[in-house]
Amino acid sequence: MSLSIHPSVGVARLGNADGNDFVLNPIKIGGLPFEHDDNLQPTTDVIHFKDEAGRVRRQGQVFKVLDEEGNELTLDSGNVKSIEWSVHLANKKAAWYAFSELNGNLLYGEENSYKNRGVEWRNATVTSESERQKLIIDLGPRTVAGCLDSAEFDKDSIPSNYTKASYPGPVLQGENFKSLGTLRTDNKGRLVVLGGYGRAGGNTDLEGYGGGDEWFDDISDGPVTCVVTYKDGSAAKTIKAWVVVGSPDFAPEIVNISTLNDTFFDVGVRHFDLVPKMYTHGEFNDDFVANFERDIQPIIHRISQYQWVANVQSMSGFFSYQFDYRDNSDANKSNRMKYYHYFRQLDNKTIGDYDQPQQTLMSSSEEGKILPMMPMNSGSNSVKSANAYDLTNNVVEKFLALDATQMFLLKQWAEGKFALGTADTLYVNEMDAASIGNCVGLPMCPGIEVTWSLQNSKLYEMAYQVKHHKADYSQQGLSPSRDECEGGGCEPGDLTKRMACPWQADFFNCTVQVVNFSEPKVNKATQVDTTLSLTNYVWKDLPDGVKVPEQYQVLATQDVEEKTPLPPAYYSYWWPPQSPWDVLTGELDVTGQLNSHLPAGQQINYARGINSYGQMVEHWSALAFIRDRNAKSEGFPYFTESERNHELFDFKEVGVGQISGNSEDNDTTIPVFFINTTKVSLDKLKGETDKKETKKGKLMAQYFEERAFKPVRTKNTLHRSGTRMRG
């Protein structure tokens, strides 16, 4: 009997709530997670994303075994004796190359390899292969079987035969390492994978959105295997899947325009004969008939949802149904073709060829015919700028284009080659699509959960199947330098190692980007800003009789080299569903509004009050979840913030005169949210500020007192352009 695991690639999400307080994964793209009963069976849609102390609940990924006819096998199946699951999670970030956008992407050819581009390793002072192997967080595999079994990926339960285990020691900043996650089985023998606890720490100051040396986080990924044994004593061949642990999905009902499922589907179509009627012999079939509901409507719908997490008016206007998108008549063809031609075509992946569609912003230069090309997002490398030493060998991708298969299907729709109604074929298992369909597919700079390596067909065994590298890790351990994009399959930790370390650093900045659109070779120019600063001098341990002021200040000038966008530039967004920027406030009661300092329905910056990398590392769980408050009516959407930890933040209206020096300017104020650095206990704020005492505030205070968190510092901070202005 042929068996398979679904989803073939699952996605769990970390959280800092108690280990037994978690939710289960959504079962559709844009769906909500589920609550569960004591048997780990899903019950209702998620009620609360956080616990009473404002800590985020982990999201577990459920894995199931299906036979070739699509029937599920569980411990209740009459012929099944046992189901045994093994998972090997690892984090390779600290041992991999430094964060470097598209450098290293072998889809651009061998000349773009990490080695040929001269990209340095993270923790470059650790030079030997054996010592770099110790930078990997690798606690070995874990196995669970039967009903309601469990296992933890911590240092106290490393398998006795796993000789190459390694994990971070105590750190000077952030939190100490705890675990990469947990395995559970439900009462029917299904597997549930839970990720880490959102901990991150290091011994050096963070250096920017890529993170820093000597830092770790508890993101991970790795292979999933299963063996089903039948009551007659026979055992099926080992079946395989993969799991990725990502950061929380703060707007789960809002979907990226190009998801990770679209990436997998594109690779499957163009490299693994997933849909032969659509693509064969290296070409798309111009006679293929698309389906509107399956292939086209999701793209249009996702564009419409961005308005709830990013204020992109050009995209809001683009989905406003100026014509009937479902009308496939010849009379409507001109409307469809006009719509299609507003979508930006893909670049050819050729280094040094800058005359490419994804360097183009506007549809036209003619006055009265100007509209930003769609989608209005940053491309997968709008950060890296060409420099004087490497103008012919630099990868620049300023603005987003959909993947090749999405663009083909749009073209078929524009030409009228599409059908209406429920599609006869879904192409892939719905569980496979749902797990990765709630992750970022494009842009990938690097992304949120995973990155551009998943566009490379060498990572796959077949469509939707990540290729497992074959090795005895218990004796030789994981490789810190092997590049799976060259072939041979993936090791544990390979799908997430290219991401920022810690993830909170990139999350702090992966929101907006100001991109030059006039010079195809350049995204940013280097500008020297002269700033005034106060230098403090403190005198200590003076000899007897020597009297000088204890402290005095001198006004000095300092030249700071700042990367700024080269005008003319355009304000672009990264992946708002995963990292929102503009959101609506949602508190409707008196206490909620007194704590939030805002009325309901105001558009405001999502991350307000978290004003540094260190604060994001420490307080990422304070961020709100964006929910559709009208979802049960199945009518018009109304997305607002929910469960934001308002108790953490202070608020002041700052007069503009404090900046301009003109007191008359104080009639205009700027709202400023911030975290009180005096660390006043949250349950004692009543009477000291305008905040109201809450049960949540008391529990938050207790959590902070129990938490051994050490202050996080930054140095030489490189900001992505635009993120300093948060509003």
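Author: The buried residues of helix α14 are Gly 697, Met 700, Ala 701 and Tyr 703; buried means under 20% relative accessible area, exposed over 50%, and partly exposed in between, with a 1.4 Å probe and protein chains only. Seen down the axis of α14, these buried residues fall within an arc of 160°, so they line one face of the helix; the arc is taken over the directions from the helix axis to the C-beta atoms. On the face of α14 turned away from that buried side are the exposed residues Lys 695, Glu 705 and Glu 706. The helix covers residues 695-706, twelve residues, and reaches 17 Å from its first C-alpha to its last, close to the 16 Å expected at 1.5 Å a residue. That expected span is 1.5 Å times one less than the number of residues. Helices (H or I, at least four residues) and strands (E, at least two) are DSSP runs, numbered from the N terminus.

The model is predicted: local features need pLDDT of at least 70, and side-chain atom pairs count only at pLDDT 80 or more, while totals for chains, interfaces and linings use all residues. Residues are numbered from 1 along each chain as its sequence is written, and side-chain values use heavy atoms, with hydrogens and water left out.

Elsewhere, an open sheet of three strands has the order β13-β16-β18, with antiparallel pairing. Its edge strands are β13 (173-174) and β18 (215-217), each pairing on one side only; two strands pair if DSSP finds at least two bridges between them. Two bridges join β13 to β16 (residues 200-202), and Gly 174 stands opposite Gly 201 in β16.
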